[in-house]
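Please look through the sequence and the structure below before reading on. The briefing that follows takes up confidence, the sheet and the aromatic pairs in turn.

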Amino acid sequence: MSATADHEETDADQAARRLGFTAGQVVQEIGYDEDCDEELRSAIETVTGGELYDEDYEDVVDAVLLWYREEDGDLVDVLVDALGALADGGHIWLLTPKSGRDGHVEPSTIGEAAPTAGLSQTSSVSAGRDWAGTRLVAPKAARVGKR
């Protein structure tokens, strides 16, 4: 038997790890539609060891996986809504179609919407063949009384 695991890591598995998902995290998924990357979704479930919870989930989550396309409404409103269940120290992965794909969102749109929603952009990655990921967090400066 070879030294490799029974399960060879796929590009989606690597993307899920690159996005920073870890075992035991509770992840809420918002904006799911038929165009979403099913392999990435499955890889995130494998890495975290749990299912992705939908928009109706009412408990606190460690991360939000937010699929967003240009025609999905006002990005600021969508981001503010996504913050609702997010735990302190949690983050949002805003997944948008890559340039040239239907529904592409300009980086400047994200750059303007994030601070308006009370978020800071910390990194951007390729989250699959068709999707770009932008990691958003509540700024540390917004945390009161921690010195």
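Helices (H or I, at least four residues) and strands (E, at least two) are DSSP runs, numbered from the N terminus, and two strands pair if DSSP finds at least two bridges between them. With those terms in hand, strand 5 and strand 6 can be described as a hairpin with four residues between them, where G128 in the turn has a positive phi of about 145°. This is a predicted model, in which local features need pLDDT of at least 70 and side-chain atom pairs count only at pLDDT 80 or more, while totals for chains, interfaces and linings use all residues. Residues are numbered from 1 along each chain as its sequence is written, and side-chain values use heavy atoms, with hydrogens and water left out.

**Confidence**

- The average pLDDT (the predictor's confidence in each residue, from 0 to 100) is 88 for the protein, and 89% of the residues score at least 70.
- Over residues 1-6 the pLDDT is below 50, and beyond near neighbours in sequence this stretch has one contact (heavy atoms within 4.5 Å) in the model.
- Residues 141-147 also have pLDDT under 50, and the model gives them two contacts beyond four places in sequence.

**The sheet and a helix across it**

- An open sheet is formed by six strands in the order 2-1-3-4-6-5, and the pairing is mixed.
- Strand 2 (52-53) and strand 5 (120-126) each have a single partner strand because they stand at the edges, so one side of each is left without a neighbour in the sheet.
- Strand 5 pairs with strand 6 (residues 131-137) in the antiparallel sense over six bridges, and V125 stands opposite G133 in strand 6.
- Helix 3 (residues 75-83) lies across strand 1 (27-30), strand 3 (61-67), strand 4 (86-97) and strand 6, and runs at about 145° to strand 4; axes are lines fitted to C-alpha atoms, for helices over the stretch in contact, and angles run from 0 to 180 degrees between N-to-C directions.

**Aromatic pairs**

- Rings of Phe, Tyr and Trp (its six-membered ring) pair if their centres lie within 6.5 Å, and planes under 30 degrees apart count as stacked, over 60 as edge-to-face and the rest as tilted; by this rule there are two aromatic pairs.
- The rings of Y53 and Y57 are stacked, because their centres are 4.1 Å apart and their planes are at 25°.
- W67 and W131 form an edge-to-face pair, at 4.7 Å centre to centre and with 80° between the planes; this pair links distant parts of the chain, with W67 in strand 3 and W131 in strand 6, 64 residues apart.
- W67 counts as buried at 1% relative accessibility, where buried means under 20% relative accessible area, exposed over 50% and partly exposed in between (1.4 Å probe, protein chains only).
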